[in-house]
Amino acid sequence: MTTPTKAILLMGPTASGKTGLALELARHFPMEIISVDSALVYRDMDIGTAKPSRDEMAQVPHHLIDIISPMESYSAAQFHADANRLIDDIAARGKVPLLVGGTMLYFKALIDGLSDMPPADIATRAQLDLEAAKYGWPALHAQLAEADPITAARLEPMDSQRIQRALEVFRLTGKPLSAWHAEGRSQAARFKMLKLALIPQDRAWLHERIALRFRLMLEQFFLDEVVRLRQRYPELTPDLPSMRCVGYRQAWEHLDGQASYADFLDKGIAATRQLAKRQLTWLRSMPDVTVLEPASPTVTTTALNVCRDFLSASTPHAT
């Protein structure tokens, strides 16, 4: 009998310290890191995504970072296929796959599987964009609530990207997105996994880190990065998935004169906090998670011990 592949999932909200902890784990175990982040896939978007530095990525092999241009899109289905392939490859090399990030939809796709949903349809998306411009995303969210109440219940009224996708799937197939997800269980993960989640008890601690990091990004010339992106990719628009990333949308508005610098700063921090709130909501609903307190001075030691127990255990671990 072959030994089941084991993988470690390190999840958490933005600015909770995932990168630092991942690197520390990789110093103690033979690991390769798979990024689970919908923003890190884009080339030339480094500062606003808090992408690991070249020195950090040189310490341990990283995957699914800088794989597409900001003009392209990357779906949960693509991640599901890429991550499963990489998990097998890394395990075949005798190493442990360490999946790190905060894109909870990707984690859900990996754990629960995805059904064979239709690909993006340009015409349908264009029509939805027109409707959103006329009526607003909350109105489309209400429309989604009638067609697919299960999906609508987990989405914020201004979560434009996911509302658009859910309505797109329903209009193309007549079947709710939630029904497609239910059919995807056959593609659920077959490997043994340890789910680690950095969940701070004190929300104020996380809010302070978010504000500090956003200001640090500005000191590192984040706005200049967005200017360079617009110059390098003349056909780039604020409606593309890359520019919907937190921070980039607000920077675009500021550069277009739609918001003052002070408003841009406030909106950028507020949007990042909203992202963290959504990530925490997903994490708290996920079963079989080992919660780590990121503010604790012993968080690294605790994580190392839990990983050591998981990797040395011969009995199956709950997925």
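What follows is a walk through a predicted model, from its sheet to an annotated loop and a few ring contacts. Residues are numbered from 1 along each chain as its sequence is written. Because the model is predicted, local features need pLDDT of at least 70 and side-chain atom pairs count only at pLDDT 80 or more, while totals for chains, interfaces and linings use all residues; side-chain values use heavy atoms, with hydrogens and water left out.

Start with the sheet. Six strands line up in the order E3-E2-E4-E1-E5-E6, forming an open sheet with parallel pairing (strands, E, of at least two residues and helices, H or I, of at least four are DSSP runs numbered from the N terminus; two strands pair if DSSP finds at least two bridges between them). The edges belong to E3 (62–63) and E6 (289–292), and each has a single partner strand, so one side of each is left without a neighbour in the sheet. Strands E2 (residues 31–36) and E4 (residues 96–101) are joined in the parallel sense by 6 bridges, and Ser 35 has Val 100 in E4 as its bridge partner. Helix H14 (residues 299–312) packs on this sheet, touching E1, E4, E5 and E6, and makes about 170 degrees with the direction of E5 (axes are lines fitted to C-alpha atoms, for helices over the stretch in contact, with angles from 0 to 180 degrees between N-to-C directions).

The "binding site" annotation in an unreviewed UniProt entry covers Gly 12, Pro 13, Thr 14, Ala 15, Ser 16, Gly 17, Lys 18 and Thr 19; UniProt positions follow the numbering used here, feature names are shortened, and annotations may be inferred rather than shown by experiment. Ala 15 is in the loop between strand E1 (6–11) and helix H1 (18–28). At 6% relative accessibility, Ala 15 counts as buried (under 20% relative accessible area is buried, over 50% exposed, in between partly exposed; 1.4 Å probe, protein chains only). Leaving aside neighbours within four places in sequence, Ala 15 is in contact (heavy atoms within 4.5 Å) with Leu 206, Arg 209, Ile 210 and Arg 213. Gly 17, in the loop between E1 and H1, is partly exposed at 28%.

Finally, some charges and rings. The charged end of Lys 175 sits over the ring of Trp 180, 3.7 Å from its centre, and Arg 230 lies over the face of Trp 252 at 4.3 Å from the ring centre (here NZ of Lys or CZ of Arg must be within 6 Å of the ring centre and within 35 degrees of the ring normal).
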